[in-house]
Amino acid sequence: MSKPTKTDKILTGIPEFDMVLRGGLPRARLHLLEGAPGTGKTTIALQFLLKGLRDGKRGLYVTLSETETELRASAKSHGWSLDGIGIFELVPLEAQLDRQQSVLYPSEVELGETMRLITERIEAEKPDLVVIDSLSELRLLAQDQLRYRRQILALKQFLQGRQCTTLALDDLTSQTGSMELHSLMHGVVSLEQIERSYGAARRRLRIAKMRGSEYQSGWHDFAITPGNVLIFPSLIADEHKTQFEPTAVSSDLNGLDELMGGGLTRGTTTMLVGPSGVGKSSIALQYVAAAVRRGEHAAYFSFDESFETLALRSTALGIDIEEAVHKGELGWERANPSRLSPGQFVWQVRRQVEDHKARVVVIDSLNSYLSTMPEEKALILQMHELLTYLNNQGVVTILILAQQGIVGDIQNPVDLSFMSDTVVLLRFFEAVGQVRKAISVVKKRTGVHELAIREFRLFPDGMQVGPQLLEFQGVLTGVPSYDGVADPLLRGQSETG
């Protein structure tokens, strides 16, 4: 058999993992899959062998910590059958020593016997793929770090001589010599599980080492669901650039387009900032509906509202998003911050853009997104990368940020305006015994825009943006003064909720 080249790869059975590995695991190498108990090592290893079985490769699972019955039960919970995969159950036996052997440590005899049984089974079955679960048991048998290292080195040479691609699992129950073990491996994949104060634990992995092979560095979130390991490769925005025309996108509402200087520009990010209930989501829905009418796909990611509530409000505005979702013209995703990892959210956005060609993306709201994990700095950097990616794809991105307060002194929970090309400010203000709404564009990088403040209202049959409030002073404070003689405010039916 010819010696494999560096580019020879074995697919893992997890497509996104193969993306991170730039094509799979290098063939005929010894790879370490390490992580604390419960991080998903066995599940990933089983998918590796099952993929090999589908591709006509012989697989062998050597288990030193679980019985065959337990292993098959674990596979069955995912709907998998291990028929066709060799399973070698090898729970180390206690050495039976007579008086003539009493000069030897029991661990030396037991370790040697265990290694002999493993190599003999591999010799007999001649597998292409091997999983050894786990090295922690061999470490306990060795007791001595030097003896353990020598046995792993001997096992590595034995496996390479038989062209086996091997995954060795380690549950990290002992940190002694863990980095020294890394030096013996061709590849090292580390799994981690982070418990949050509330909600689902966050799983992630990284390639710590992959000798002679390219891979995507950094941490990648992943999730285990019945029948699947879902890995969400971290986003590198510079790898996803497309050519597009930076044209203006209309809202189909003349007053709003005038305020925006003709519309929102493709490949830019717009942030709608204001207190709760001021109409941020309604304005975002106006752009979504306009995109659908143009025949473009749009995507709405809601952290705060259920689909039923949003559909009810959109119908009151004359926008039927329920029909658009049913026809596949609008992708609607309910994002639960207590269950969702940041990497999974980014992956969901990417699927809408790459698979469905979404041209307008709404994220509602940034406040809830920031609650998905406590490491706020890392989360903001991840959002920055996502927005750069969307801009590179020519997407019109609309972010919604809720401010604290209603009228008067209103505070930003966090300043994210630096990530946006356009910032639209919305405010409540008091006039003639009523609470009114005002809208203004305070920033637009890609062109001119109105500097004026306009009133806008939400009616049962749609949205209306009024003329400039030229004779009002202090509208954005919430309690303006009026110096004019004519009433410039909008009139009409009662507003929608």
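Select arginine 457 first: glutamine 464 of strand E22 stands opposite arginine 457. Now widen the selection to strand E21 (residues 453-459) and strand E22 (residues 462-468), which pair in the antiparallel sense over 5 bridges. Two strands count as paired if DSSP finds at least two bridges between them. E21 and E22 make a hairpin, with 2 residues between them. The names come from DSSP runs numbered from the N terminus: helices are H or I runs of at least four residues, and strands are E runs of at least two.

Before the next stop, a word on what you are viewing. This is a predicted model, in which local features need pLDDT of at least 70 and side-chain atom pairs count only at pLDDT 80 or more, while totals for chains, interfaces and linings use all residues. Residues are numbered from 1 along each chain as its sequence is written, and side-chain values use heavy atoms, leaving out hydrogens and water.

Next, select helix H6, residues 145-161. Its end C-alpha atoms are 25 Å apart, which agrees with the 24 Å that 17 residues should span at 1.5 Å a residue (the expected span is 1.5 Å times one less than the number of residues). Which residues of H6 are buried? Colour Tyr148, Ile152, Leu155, Lys156, Phe158 and Leu159; buried means under 20% relative accessible area, exposed over 50%, and partly exposed in between, with a 1.4 Å probe and protein chains only. Just after H6, glutamine 163 has a positive phi of about 60°.

Now try helix H2, residues 41-54. How many of its 14 residues are buried? The count is 12, so to speak a mostly covered helix. Just after H2, glycine 56 takes a positive phi of about 85°.

Last, select Ile283 and Tyr300, which have the most contacts inside the largest nonpolar core, a set of 41 residues. Such a core joins buried Ala, Val, Leu, Ile, Met, Phe, Trp, Tyr and Cys residues through side-chain atoms within 4.5 Å. Helix H9 (residues 280-293) gives the most to this core, with 8 residues. Apart from this core lies another, of 33 residues, including Phe301 and Met419.
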